[in-house]
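Subject: Structure for your files

Hello,

My notes follow below it.

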Amino acid sequence: MGQSNMKEIAIVAYQQSDCVSDAGAANEVELIIPVLGKVFEQVGITNAQDVDFVCSGSCDYLQGAAFAFVMGVDALGAVPPIKESHVEMDAAWALYESMLKIRMGHAESALIYGFGKSSPGELPNVLSQQLDPYYLAPLWVDTISLAAMQARLMLDQGLITERDMAEVVARSRRNAQGNPHAQLGGDVSAEDVLAQQTYVSPLRKADICPVSDGASAVVIATVEKAREWGVPYAVISGIDHCIETHNLGVRDLTDSISTRRAAANAGVGDGRVDVAELYAPFSHQEIILSRALELGEDTRVNPSGGVLAGNLMMASGLSRIGEVFNRIVAGEAQRGVAHATSGPCLQHNLVTVLEKGETA
Amino acid sequence: MSDENNVGEDNETVTGIEAPIYLKYNFTAGAAASRFLTRIKEGVLTGQRCPRCSQVYIPPRGSCAACGVPTEEEVELADKATVESFTIVSIPIPGNPIEPPFVVANLVPDGANISVIHLLSECDNAEVHIGQRVQAVWKPQEEWGYALDNIRYFKPLDEPDVPVERIGKLPVTGLEG
Amino acid sequence: MSTLAAVVGIGQTKYTTKREDVSIAGLVREAAARALQDADLGWDDIDAVIVGKAPDMFEGVVMPEIYLTDALGCNGKPMLRVHTAGSVGGSTALVAASHVQSGAFKRVLTVAFEKQSESNAMWALSNPQPFSTHLNAGAGGYFAPIIREYIRRSGAPYDTGIKVAVKDRLHGARNPLAHLQLPNINMQEVEESFMLWDPIRYLESCPSSDGACAMVIASEELADKAARPPAWIRGVAMRSEPTMYAGREEVNPQAGRDCAADVYKQAGITDPRKDLDVAEVYVPFSWYEPMWLENLGFAPEGEGWKLTMEGATSLIDGGDIPWNPSGGVLSSNPIGASGMIRFAEAARQVRGECGEHQVEGAKLALGHAYGGGAQFFAMWVVGAEKG
């Protein structure tokens, strides 16, 4: 959906926890509370009572207990009761739902948060149970193996080289050095990556995002409300998402047609893209996405390091939107694109365009 | 999945497949619960007080759900409690020696402002009532672990009933305090 | 402000213990195809699909919407998956409605389902976690003490719950889609049924069902041209509060009261018993009818049981405000879909298509769902007129 003839909605705050490989004893509430505290502080509000709607994203299977999101409500200060909902998806889709709420006039502001504690389980195996329960899930094909097949297709068709992939990794590691919340950063060269052994051929461990625990949160509001709060903001000028068939054999895995379609509907091509944050859990997928979004040489891709530097399942998509917001309010960009994904081999993709708001 | 057009005489409808799912998790209790479990291994019930509304939570979950703020101050509680409400369960617990019918009650320990669920025993089920005073019956100390199960069950106390409006508001010293 | 939207198509499966003849995809497609047929539309007429269901562990499929996109004709379109515990069917309908009410979409499909027979739902709900006492109390064990407290406060006669159990099953016997078909049930049979969690008897509890429910929701412009009478969405509301906090009112939760007040205000309802013609309310244990009658403002606090005992909520007794003429959750309970069934049945009533369980002349209806520890609420009011 675009912004034409509609109330303009803006991002006004974004916070993310550190990406850590194991959050230890902390439970979900303990992961969420500090992040919410910071995001409220950023806007200058006290708790969820000060926004009109709350929506979260999480997945029960990450921590192996039903109703993970119910505990999340304990972090909100939801007394008296609040307007609240939850998607069993990345919280980027919770942001999408919240925008509908604002557009229909039932809210002027919303808090969105996503959280995941993936360390208790074996994430690639857990996610294998996303697949068709009769044909594929019983085979336990894990997400890394599926992505490896996708990379193999691209290499064999000459669409990428292993060096291209290694360069994605090296840039991620270098960029992550400037991101205090990243898990993997460092002065790494493509040669360093290529020197690694393959792990699930043709992928090297560095081509695969790490497993991270943590949470992130965003506050959105109408531009009027953002001005009332007196905080810097970035306008969401377009947002759209699109899912593809689950049948991997039918899809062209070397491209992302759903990203192309969402990008067209969100208006990515309507202006210069200064910065792009892409949810690419595997190095080759960043190349697929950059091509699908038709990003040029003048676009900075994943200045945060992206998810190769730290991947908060169910929050990373929301964080991508937050990271673009950060670049815009920092004055480093005028216009940027954020991408979120879900499902095996980029099955479901969401594209958001953010633009610098006019100052009040 | 069946397809009625293609199910021939020698082509039986498949109505199910066995696909067991085994996933291993290293479950963590959370920092607040870990402190609670450490103390209960020593035979002590503890709660946490909300810095904003002063209410005491047991078992603590790391936040005051009403205020949405972290709880840190630890409060030692009595092992006496009041019946807030209860049910008599007639279904057996798999692998548990307790035989139905047994009483599961919402109990507010003295000094806390919220109930915990536990068993009530050594009583006539028909005489259990809201406001009744009860006390923990602990397992032998050598069996204590990091679990609320260190309390085998609660049993009735010979104390006057707590008026309904005071349930959940008793100090740690109990009815007399 | 919000754009007017309406339900223009409804499809349900027959609710039953086990649907062995279809896969999960087959089940949701059956409901969705019926909704499209009812709306006289094809798959290509749909702009987005919104899916809801209760915990993934019920079927053992992680985020099953990812696999269901093909069955729901969603490829190339937006898909959203909602999960708000037991209220999810209702919340999903509200999220679907918001797609249209926001003006962003013209026509969306929403589907909620549960195929509990494919896994072990009791296991998923009572999955023993280390560090907590495992009392196998399940949902009944959680709600029974709250019901007991309601009985203490209100002084309701002990057979109020029995009366609801009979009433909803007699309603269900008039609904060919209802899971339990018990046309000869009586008070004695319910009273003599096994006491599971005192005061909840076996026949005072909901069954466990397989099933799916789907709706097509369209914009005003398209609904005006719909094949069959639209059910206009006159109010939508949701509220949440934490499961446990000191001093929480569990019998008559604030979140339910606030949610009802919000939805009534939007629909211009001041006296729900008088202004509404029928209500489909989430009552998984019989005693929740008198409790929700009070929570939703149909009766003063402490007096909900009187409406039940007078027969005011019975379609068969000619009550003035029939509750759950479809048979309700007590007759069919595919958990993730149960809330959407309430919303859809409310819409069917104002469309006048309920046959044997139709409330004559119904113009305004409430659909209600709740979940978790009676902490998540979703409601809508639908009408035969735009309002």
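Which pattern does chain B follow, read along the sequence? The pattern is α-β-β-β-β-β-β-β-β-β-β, that is, one helix and ten strands. Chain B is more spread out than a compact globule, because its radius of gyration is 22 Å, well over the 16 Å that the globule rule gives for 177 residues. Please keep in mind that this is a predicted model.

Other overall values for chain B:

- Along the principal axes, the C-alpha atoms fill a box of roughly 80 × 40 × 35 Å.
- Buried residues make up 45% of the 177 in chain B.
- Among contacts in chain B with a separation of 6 or more, 55% are between residues 24 or more positions apart.
- The accessible surface is about 9,200 Å², and carbon and sulfur atoms account for 47% of that surface.

Strand β2 (residues 53-57) and β3 of chain A run parallel and are joined by four bridges. One of the residues involved is A:Val54, whose bridge partner in β3(A) is A:Glu84.

A:Glu84 also belongs to the buried set on strand β3 (residues 84-87) of chain A. In a regular strand, side chains alternate between the two faces of the sheet. Here A:Glu84 and A:His86 are on one side, A:Ser85 and A:Val87 are on the other, and all four are buried, so both faces of the strand are covered.

Regards

Notes:
Residues numbered from 1 in each chain as written. Chains lettered and ligands numbered in written order. Predicted model: local features only at pLDDT ≥ 70, side-chain atom pairs only at ≥ 80, totals over all residues. Heavy atoms only, no water. Helix = DSSP H or I, 4+ residues; strand = E, 2+ residues; numbered from the N terminus. Rg over C-alpha atoms; globule rule 2.2 N^0.38 Å. Buried < 20%, exposed > 50% of the residue type's maximum accessible area, 1.4 Å probe, protein only. Contact = heavy atoms within 4.5 Å. Areas by Shrake-Rupley, 256 points an atom, 1.4 Å probe, with all protein chains shown as cover. Pairing = 2+ DSSP bridges.
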